[in-house]
Amino acid sequence: MRILLVEDDAVLRSVMLRSLGDAGHRVDVAASVEEAEHLWRVQSFDAVLLDLNLPATASPTSGLGSGLTALRHARLRGDRTPVLVLTARDRTEERIAGLDAGADDYLGKPFDLAEVEARLRALVRRAQGTEDISTLGRLRLDRRARRFGIGNVPLDLPAREFEVLWELMSPPGRTISKRELSDKLSSFDDSLGDNALEAFISRLRKKLVGSGAAIRTLRGIGYLLEAEV
């Protein structure tokens with residue numbers, strides 16, 4: 001998944017960035033409302049982790065200063081990216097304000113990083129219409145365990161190949177463009193080029209032989225993971 005993490009606490013931001021990265025996610029970070037607004041407008045994400053209590057860096061009169069501002073603006077322009085609000089605020093009226101502004105879920109600080117990961121999976125599953133377990137032919141993806149298998153045999157993949165196959169399997173049968181796939185697997189500091197993406201696709205095709213699933217190239221459109229005929 002490609003995630004936008006909006007958090008002004010440098011220590012917590014670093015811990016979460018490392019945890020989400022270790023879980024295989026691509027994460028872009030913002031420490032202020034302005035940064036969050038900019039990244040959210042120019043890049044698509046699978047989910048947003050949003051701190052409500054954010055500073056505004058532009059000026060005291062900018063009208064910004066709360067994570068609710070970025071959330072409201074995104075919803076007003078029709079952006080339906082799943083949002084998990086992270087905040088130390090735990091009063092009922094503030095929870096209601098976050099949900100009314102368009103948040104999909106709410107988690108108060110302090111929180112367990114494993115719970116953040118679990119809630120993210122649930123939100124993205126709901127948005128994509130996928131389940132914890134997806135199968136195509138003999139290929140099986142367990143999203144909770146973050147594991148692929150062919151039949152009962154584990155399919156061990158390098159990190160980037162795993163990410164490519166994860167996206168193609170979320171859900172299977174969905175056409176995804178090269179641009180979208182590259183964006184999902186890149187961050188602003190680490191871009192995935194077309195040549196690298198094609199190399200990963202080529203390697204995956206070889207590893208999926210006999211699985212009953214195959215990656216088809218739709219010229220000028222993108223890639224499709226489908227059952228082998």
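Is R75 buried or exposed? In this predicted model, R75 is buried, since its relative accessible area of 12% falls under the 20% cut-off. You will find R75 in helix α3.

The side chain of R75 reaches out to the backbone oxygen of T81, at 2.9 Å. Setting aside neighbours within four places in sequence, the contacts of R75 are R80, T81, V83, A101, G102 and D104.

## How α2 meets α3

Let's stay with helix α3. The axes of α2 (residues 33-42) and α3 (residues 67-76) come within 9 Å and cross at roughly 20 degrees. Because that angle is under 35 degrees, α2 counts as roughly parallel to α3. The crossing of α2 past α3 is right-handed.

On the α2 side, the contact is made by V33, E37 and W40, while α3 brings G67, T69, A70, L71, H73 and A74.

## Backbone spots worth a look

Most peptide bonds are trans, and most residues other than glycine have a negative phi. Here are some departures from that pattern.

A cis peptide bond links K109 to P110, with omega about -5 degrees. P110 lies in the loop between β5 (105-108) and α5 (113-128). The bond from S170 to P171 is cis too, its omega near -10 degrees, and P171 belongs to the loop between α6 (159-168) and α7 (178-184).

R146, a residue other than glycine, has a positive phi near 50 degrees. R146 sits in the loop between β7 (139-142) and β8 (147-150) and is partly exposed, with a relative accessible area of 22%.

How values were computed. Residues numbered from 1 in each chain as written. Predicted model: local features only at pLDDT ≥ 70, side-chain atom pairs only at ≥ 80, totals over all residues. Heavy atoms only, no water. Axes fitted to C-alpha atoms, helices over the stretch in contact; angles between N-to-C directions. Helix = DSSP H or I, 4+ residues; strand = E, 2+ residues; numbered from the N terminus. Parallel < 35°, antiparallel > 145°, perpendicular 65-115°, else oblique. Left-handed = near helix turned anticlockwise from the far one by under 90°. Contact = heavy atoms within 4.5 Å. Buried < 20%, exposed > 50% of the residue type's maximum accessible area, 1.4 Å probe, protein only. Polar contact = N/O pair within 3.5 Å; in protein donor to acceptor, adjacent residues only side chain to side chain.
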